[in-house]
Amino acid sequence: MSDSTHKTRMASKKAVMDAKIAKATEERGVLILLKGNGKGKSSSAFGTMARSVGHGKRCAVIQFIKGRTETGEFKFFKDHPQIDWHVMGHGFTWETQDKTQDIAAAKKAWALAERLLQDDSYDMLVFDELSYMFKYQYLDVNPVVEALKNRPKMQNVMITGRTMALPLQEIADTISVIQDERHAFRLGVKAQKGIEY
Ligand code: ATP
Ligand code: MG
């Protein structure tokens with residue numbers, strides 16, 4: 001491609017982008033869903049949270065499934081003055097196999113989430129694995145949708161989980177699907193600190 005063709009193309013691209021930017025004028029918080037079977041949902045949410053923290057924003061994380069307690073992200077963020085980090089009561093369901101206990105823990109975590117969704121001093125909330133609560137019917141999705149709709153105008157919320165309940169998708173502003181094309185685990189590589197947790 002000649003230099004002048006490149007220049008003309010870039011100029012028209014810039015005009016299209018500038019027009020799009022001029023049209024996006026609304027200022028409000030967004031609901032972001034990160035779903036799919038690939039690796040990168042929680043780490044993307046925490047990465048975006050780090051971005052917010054860098055700008056002085058106040059954030060909270062609720063992990064609806066407690067896996068390993070000592071994840072790198074927990075160790076890194078837990079004492080940060082702008083971050084409140086909450087882990088739901090107990091371990092993996094397939095380890096505990098106690099549905100009553102799971103539901104009680106889910107309800108407790110949701111009660112906290114609901115409070116945070118009414119508190120405009122939080123700029124960003126991360127609900128890690130919230131979607132899992134609907135898949136296993138530990139929580140009813142309707143009150144969650146209502147609470148998300150009624151949250152403070154500038155509050156951003158990120159929800160992660162492999163599958164996402166449709167009512168959440170209907171009210172979301174951004175939905176990204178992390179596709180699983182390949183994962184080292186299936187090549188026989190052991191889960192490692194700093195990559196998996
Ligand atoms: P990450 O926390 O690395 O961003 P994730 O949130 O997208 O991962 P989860 O479904 O929450 O994925 O699973 C968490 C753990 O399982 C991580 O240790 C991750 O590396 C691993 N994992 C994620 N996707 C896959 C996959 N497709 N195959 C095997 N292991 C996976
Ligand atoms: Mg995750």
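Biologist: Which residue has a backbone N or O atom 2.9 Å from a nitrogen atom of ligand 1?

Modeller: The model is a predicted one. In it, a nitrogen atom of ligand 1 lies 2.9 Å from a backbone N or O atom, and the residue that supplies this backbone atom is Asn-37.

Biologist: Which residue has a side-chain N or O atom 2.5 Å from an oxygen atom of ligand 1?

Modeller: Lys-39, Gly-40, Lys-41, Ser-43 and Glu-196 are the closest residues to the ligand. The side-chain N or O atom at 2.5 Å from a ligand oxygen belongs to Ser-43.

Biologist: What distance separates the end C-alpha atoms of helix 2, residues 41-54?

Modeller: Helix 2 has 14 residues, and at 1.5 Å a residue these should span 20 Å. The model agrees with that expectation, because the end C-alpha atoms of helix 2 are separated by 20 Å.

Biologist: Within what arc do the buried residues of helix 2 fall?

Modeller: The buried residues of helix 2 are Lys-41, Ala-45, Phe-46, Met-49, Ser-52 and Val-53. They line one face of the helix, because seen down its axis they fall within an arc of 125°.

Biologist: Which residues are exposed on the other side of helix 2?

Modeller: The buried residues of helix 2 are covered by elements that include strand 1 (31-35), strand 2 (59-63), helix 3 (72-77), strand 3 (83-87), strand 4 (124-128) and strand 5 (156-160). On the other side of helix 2, the exposed residues are Arg-51 and Gly-54.

Biologist: Which residue with a positive phi follows helix 2?

Modeller: Phi of this residue is near 85°. The residue that follows helix 2 with this positive value is Gly-56.

Biologist: Is Gln-155 buried or exposed?

Modeller: Gln-155 lies in the loop between helix 7 and strand 5. Leaving aside neighbours within four places in sequence, its contacts are Gly-29, Val-30, Leu-116, Leu-117, Asp-119, Tyr-122, Asp-123 and Leu-125. A polar atom of the Gln-155 side chain also lies 3.1 Å from the backbone oxygen of Leu-116. Because buried means under 20% relative accessible area and Gln-155 has 1%, this residue counts as buried.

Biologist: Is Gln-137 buried or exposed?

Modeller: Gln-137 is found in the loop between helix 6 and helix 7 (141-149). Its phi is near 55°, a positive value in a residue other than glycine. Since its relative accessibility is 64%, Gln-137 counts as exposed.

Biologist: What is the relative accessible area of Glu-129?

Modeller: Glu-129 lies in the loop between strand 4 and helix 6 (131-135). Phi of Glu-129 is positive, near 65°. The residue is partly exposed, with a relative accessible area of 23%.

Biologist: What distance separates the C-alpha atoms of Lys-193 and Glu-70?

Modeller: Lys-193 is found in the segment after strand 6 (174-177), and Lys-193 is exposed at 67% relative accessible area. Along the chain, Lys-193 and Glu-70 are 123 residues apart, yet the distance between their C-alpha atoms is 9.8 Å.

Biologist: What percentage of the residues of the protein count as buried?

Modeller: The protein has eight helices and six strands. Its accessible surface comes to about 12,400 Å², of which 51% belongs to carbon and sulfur atoms. Of its 197 residues, the share that count as buried is 36%.

Note on methods:
Residues are numbered from 1 along each chain as its sequence is written. Chains are lettered from A and ligands numbered from 1 in the order in which they are written. This is a predicted model: local features need pLDDT of at least 70, side-chain atom pairs count only at pLDDT 80 or more; totals for chains, interfaces and linings use all residues. Side-chain values use heavy atoms; hydrogens and water are left out. Helices (H or I, at least four residues) and strands (E, at least two) are DSSP runs, numbered from the N terminus. The expected span of a helix is 1.5 Å times one less than its number of residues. Buried means under 20% relative accessible area, exposed over 50%, partly exposed in between (1.4 Å probe, protein chains only). The arc is that of the directions from the helix axis to the C-beta atoms. Contact means heavy atoms within 4.5 Å. A residue is near a molecule or strand if one of its heavy atoms lies within 4 Å of it. A polar contact is a pair of N or O atoms within 3.5 Å; within protein, one must be able to donate a hydrogen and the other to accept it, and residues adjacent in sequence count only if both atoms are side-chain atoms. Accessible areas come from the Shrake-Rupley method with a 1.4 Å probe; for residues, only the protein chains shown count as cover.
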